[in-house]
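Student: I would like to learn how to read a fold like this one, feature by feature. Could we begin with the helices and then turn to the sheets and the loops?

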Amino acid sequence: MVEFKFPDVGEGIAEGEIVRWLVAVGDTVRAHQPIVEMETDKALVELPSPRSGVIRELRGAVGDTVAVGAVLAVIEAAEETAAAAMKEPTRPAAVGVVGELEEAPESEPREAAGGVVPPVLPRDRKLAAELGIDLAAVRGSGPGGRITEADIRAAGAPAEVVPTPAERIPLKGLRKAMSRTMTISARSAVHVTVMERADALALRELRQRERALAEAKGVRLTYLTFIVKALTLVLESFPLLNSSLDEEKEEIVLHGGQHIGFAVDTPEGLLVPVVRDARRKSILELAAALQELSERARQRKISPAELKGGTFTVSNYGAIGGLWGTPVINPPQSAILGVGRIEEAAVVRQGEVVARPVVPLSLTFDHRIIDGATAQRFLNALVEHIENPDLILLEN
């Protein structure tokens with residue numbers, strides 16, 4: 001017998017949740033055939049069988065959380081199965097006068113008797129009729145099981161109203177991981193949020209001009225693509241916003257690369273895939289990366305490695321209608337940008353009130369690392385790039 005244990009599938013995870021068994025006890029499996037689907041720190045992974053054989057035990061039910069190193073399944077190797085089959089005795093048959101009869105399983109249930117009404121006095125039978133009580137459904141408490149007047153009145157009493165219990169939803173999977181991460185963030189960082197608006201008219205015109213070219217290459221060109229690109233350009237001048245704090249060594253770590261995480265809404269909760277070296281990507285390359293990672297995140301086909309290593313995060317809650325927010329920093333990062341819904345708003349241009357598409361921006365930063373003046377200057381520079389998208393193309 002082979003004990004298949006839950007392995008560490010990446011970057012030191014401690015536990016995982018059983019999402020779905022792909023086999024059942026008694027199934028024959030081949031080596032490397034997936035046997036269970038597990039959720040580990042925001043990612044879904046299929047674990048393969050280490051060898052061919054027959055599944056003899058599955059340990060754990062769907063929804064159970066198991067530790068790394070725990071036994072998930074017991075597999076009987078193919079050669080063990082063959083040897084056991086040769087030794088297995090045949091079940092004896094019952095022999096009757098007209099031949100052999102198959103013996104019924106010992107656990108086969110017997111037919112239950114029912115429909116017999118226990119003894120009841122005539123006056124109590126009359127009371128039951130007046131109250132509309134079915135005596136066959138009443139259990140007697142009197143001598144010999146006799147149904148008493150008290151039994152009948154109890155059967156006719158109104159049922160006690162039991163309050164509906166509150167629904168309880170287990171905190172597990174993505175929501176458990178998100179809860180843990182946000183708790184760490186709230187306890188470790190000093191959150192401050194500054195907000196600003198950017199006129200997106202020129203950005204809208206640029207997107208319309210470049211849209212056909214992108215679609216011809218199978219890429220969906222979104223406003224977020226340009227905002228992320230602008231963000232990477234501005235981060236070069238404000239490295240503190242692309243940093244993290246090493247509390248043990250009392251050092252601020254300025255990251256060499258710009259690895260931009262972006263929040264993706266899924267039915268199970270938020271996932272934050274990371275675009276590696278976003279600064280080095282062209283507009284089309286960045287759009288393609290955002291599109292491809294988003295699709296795989298929603299399908300839960302993204303790997304744990306693609307959810308780690310971010311240096312700055314963007315939360316585009318405007319995609320589902322939000323305007324302003326106070327996004328929570330994704331630890332150990334030092335800042336996160338919230339992008340709201342682009343909508344027409346009245347703005348003053350050259351002394352006149354005109355309608356312009358406006359994008360709301362909310363920047364949350366860790367005040368232990370970044371002061372308010374630096375954060376506002378960063379936001380001002382980002383607004384300048386959004387309002388003058390030629391800067392994005394020139395520095396691309």
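**Helix contacts, sheets and loops**

Tutor: In this predicted model, Ile-227, Ala-230, Leu-231, Leu-233, Val-234 and Leu-235 of helix H6 meet Phe-378, Ala-381, Leu-382, His-385 and Ile-386 of helix H8. Sorted by class, this contact of H6 with H8 has ten nonpolar residues, one polar residue and no charged residues.

Student: At what angle do H6 and H8 pack, and how far apart are their axes?

Tutor: H6 and H8, the latter covering residues 372–387, pack at an angle of about 135 degrees, and their axes are 9 Å apart. Because angles over 145 degrees would count as roughly antiparallel and those from 65 to 115 as roughly perpendicular, H6 is therefore described as oblique to H8. As to handedness, H6 passes H8 in a right-handed crossing.

Student: Which residues make the contact between H6 and H7, and at what angle do the two helices pack?

Tutor: Helix H6, residues 223–235, packs against helix H7, residues 283–298, at an angle of about 115 degrees, with the axes 9 Å apart. On the H6 side the contact is made by Thr-225, Phe-226, Val-228 and Lys-229, and on the H7 side by Ile-283, Leu-286, Ala-287 and Leu-290. By class, the contact of H6 with H7 has six nonpolar residues, one polar residue and one charged residue. Here, too, the crossing in which H6 passes H7 is right-handed.

Student: How many bridges join S6 to S3, and how many join S6 to S8?

Tutor: Two bridges join S3, residues 28–29, to S6, residues 53–58, and these strands run antiparallel; within this pairing, Thr-28 stands opposite Val-54 of S6. Five bridges join S6 to S8, residues 71–77, again in an antiparallel arrangement, and the bridge partner of Leu-58 in S8 is Ala-73.

Student: What is the order of the sheet that contains S5, and why is one side of each edge strand left without a neighbour?

Tutor: That open sheet of four strands has the order S5-S4-S2-S7, with antiparallel pairing. S5, residues 43–48, and S7, residues 65–67, stand at the edges with a single partner strand each, so one side of each is left without a neighbour in the sheet. From one strand to the next the twist averages 40 degrees. Three bridges join S2, residues 15–21, to S7, the two running antiparallel, and Gly-16 has Val-66 as its bridge partner in S7.

Student: How many salt bridges are found, and which residue forms one with Arg-349?

Tutor: A search of the whole structure finds 18 salt bridges. In one of them Arg-349 pairs with Asp-199, and the closest N and O atoms are 3.1 Å apart. This pair links distant parts of the chain, Arg-349 lying in strand S20, residues 343–349, and Asp-199 in strand S11, residues 191–199, 150 residues apart.

Student: Finally, the backbone: where is the cis peptide bond, and which residue has a positive phi although it is not a glycine?

Tutor: The cis peptide bond joins Pro-331 and Pro-332, with omega at about 5 degrees, and Pro-332 lies in the loop between strand S18, residues 312–315, and strand S19, residues 335–339. Glu-250 is the residue with a positive phi, about 55 degrees, although it is not a glycine; Glu-250 is found in the loop between strand S12, residues 243–246, and strand S13, residues 251–254.

How values were computed. Residues are numbered from 1 along each chain as its sequence is written. This is a predicted model: local features need pLDDT of at least 70, side-chain atom pairs count only at pLDDT 80 or more; totals for chains, interfaces and linings use all residues. Side-chain values use heavy atoms; hydrogens and water are left out. Two strands pair if DSSP finds at least two bridges between them. Axes are lines fitted to C-alpha atoms, for helices over the stretch in contact, and angles run from 0 to 180 degrees between N-to-C directions. A crossing is left-handed if the near helix is turned anticlockwise from the far one by less than a right angle, and right-handed if clockwise. Contact means heavy atoms within 4.5 Å. Ala, Val, Leu, Ile, Met, Phe, Trp, Tyr, Cys and Pro count as nonpolar, Asp, Glu, Lys and Arg as charged, and the others, Gly among them, as polar. Angles under 35 degrees count as roughly parallel, over 145 as roughly antiparallel, 65 to 115 as roughly perpendicular and the rest as oblique. A salt bridge is a side-chain nitrogen of Lys or Arg within 4 Å of a carboxyl oxygen of Asp or Glu.
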